[in-house]
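Visitor: I am new to this structure. Could you walk me through how to read its features?

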Amino acid sequence: MIRYDPFSLRLSSPLGTAAGRITDRKGFVVRVEADGHRGVGEAAPLPGWTESYDDCEAALADAAAPNGDDAPAPDDPAAGVDVATPAARHGVELARADALARAADESLAAWLADGSPAGSVPVNATVGDASIEASAAATREAVDAGYEAVKVKIGARKVGEDEERLRAVREAAGDGVELRADANGGLDASAAERLVGVAADLDFAYVEQPRPASDLAGNAALRDRGIDIALDESIAAVGIDAVLERDAADVVVCKPMALGGPVRTRDLARRAAADGVEGVVTTTIDGAVARTGALHVAAALPDVPACGLATGERLESDLAADPAPVEDGRMVVPSGPGLAGAAFDPLRREGGLPDSE
Ligand SMILES: O=C(O)CCC(=O)c1ccccc1C(=O)O
Ligand SMILES: [Mg+2]
């Protein structure tokens, strides 16, 4: 059994990036029954990162249709949903994983992990594209709130202004804070060279996706300059195999919504780790269900670095009360069965959606 209901969430604090401004998130709460337990998932397509809303809905409609001989194997965590529609696949895979973890009476992180999962995960604050002063102020606020890692978006402005923003962010953060810069593929070759150099001088930990997603050679050429290169968009665009084979990244950014689900994301991060490439787990500014799912994925990875999961505060309203609010730069992993014990029970029930139309 698969059911799904639409939701729409507005961002009270839109995220400016080199690839555009994210102002709202629309998607579906997915409910399944597996092993006699109800599970809940979330499919929140973000065009540019996943399939469109319409393609997501069509894939969910397919998955929900009784399909006789094509019925998925009971151990298929995504019930046969194609990875070409990663958000739909994520919704179903997360819901099934939630149900199966509940059937096993363990947390989703424990269900996903080899040994015992982390009890909490360090997270980075996300500073969007903004003026020099606003970027510095947001960094100061994050550090005051206890964040030990801050990521700033670059690539939407003239290179000289981004350079000043990086300097202002370092100055606002002080020396002890880990800094990252995410260009979302928006830098040309000379701007990338310059900003990677400046970020290295300012002791940033990495620049994320300096060059476009499909330009593996261009991104790889920026490595070994005293700062790590992280790839995000490239993972979905060309696949983890190509990224690892071409030695294109020091770090891979793993977004469960864009990669087709928590199990796929865990497996991808494990493959990267086996090649000495670190995995950072982030959301696509998801609702509480997918955000909590991503937290469990992060907790299931050994020694995970600060992750991009502190995105719930940007939402004006949410699917449910946050079971893992950020405190002192960390999120505590809910220890109850599945995603969050009883916290999402209203969503597991028919018509339990706060925004259901
Ligand atoms: O990683 C983070 O700090 C938050 C997530 C984030 O930046 C993001 C959110 C939505 C879409 C793309 C991205 C991105 O990492 O590029
Ligand atoms: Mg990114």
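**Reading the model, feature by feature**

Guide: Start with one stretch. Over residues 132–229 the chain is 47% helix and 15% strand. The end C-alpha atoms of that stretch are 23 Å apart.

Visitor: Which domain does UniProt list for residues 132–229?

Guide: The unreviewed UniProt entry lists them as "domain: Mandelate racemase/muconate lactonizing enzyme C-terminal".

Visitor: What are the confidence scores of the model?

Guide: Keep in mind that this is a predicted model. It scores ipTM 0.99 and pTM 0.96. The mean pLDDT of the chain is 95. Of its residues, 95% reach 70 or more.

Visitor: How do I read a sheet?

Guide: Strands of a sheet pair through backbone hydrogen bonds, in a parallel or an antiparallel way. Now take a case here. One open sheet has three strands in the order β1-β2-β3, and the pairing is antiparallel.

Visitor: Why is one side of β1 and of β3 left without a neighbour in the sheet?

Guide: β1 (2–17) and β3 (37–43) stand at the edges with a single partner strand each, so one side of each has no neighbour in the sheet. On average, neighbouring strands of this sheet are turned by 20° against each other, direction ignored.

Visitor: How many bridges join β2 to β3?

Guide: Seven, with β2 spanning residues 20–34. The two strands run antiparallel. For one position to look at, find Val29: it stands opposite Glu42 in β3.

Visitor: Which helix packs on this sheet?

Guide: Helix α1, residues 53–64. It touches β1, β2 and β3. The direction of α1 makes about 155° with that of β1.

Visitor: What is the strand order in the open sheet that contains β13?

Guide: The order is β4-β13-β12, with antiparallel pairing. Its edge strands are β4 (120–122) and β12 (326–327), each pairing on one side only. Three bridges link β4 to β13 (residues 330–332). In β13, Val332 is the bridge partner of Ser120.

Visitor: Now the ligand. How many residues surround ligand 1?

Guide: There are 15. The closest are Thr126, Lys151, Thr282, Thr284 and Gly308. By type, the shell holds four nonpolar, eight polar and three charged residues.

Visitor: Which residues does UniProt list for "binding site"?

Guide: The unreviewed entry lists Asp182, Glu208 and Asp232. They are spread over 51 residues of sequence, yet they cluster in space, with a largest C-alpha distance of 9.2 Å. To place one of them, look at strand β8 (residues 206–208): Glu208 lies there.

Note on methods:
Residues numbered from 1 in each chain as written. Chains lettered and ligands numbered in written order. Predicted model: local features only at pLDDT ≥ 70, side-chain atom pairs only at ≥ 80, totals over all residues. Pairing = 2+ DSSP bridges. Helix = DSSP H or I, 4+ residues; strand = E, 2+ residues; numbered from the N terminus. Axes fitted to C-alpha atoms, helices over the stretch in contact; angles between N-to-C directions. Contact = placed C-beta atoms within 7 Å. pLDDT = per-residue confidence, 0-100. Near = placed C-beta within 6 Å. Nonpolar A, V, L, I, M, F, W, Y, C, P; charged D, E, K, R; others polar. UniProt positions renumbered as here; feature names shortened; annotations may be inferred.
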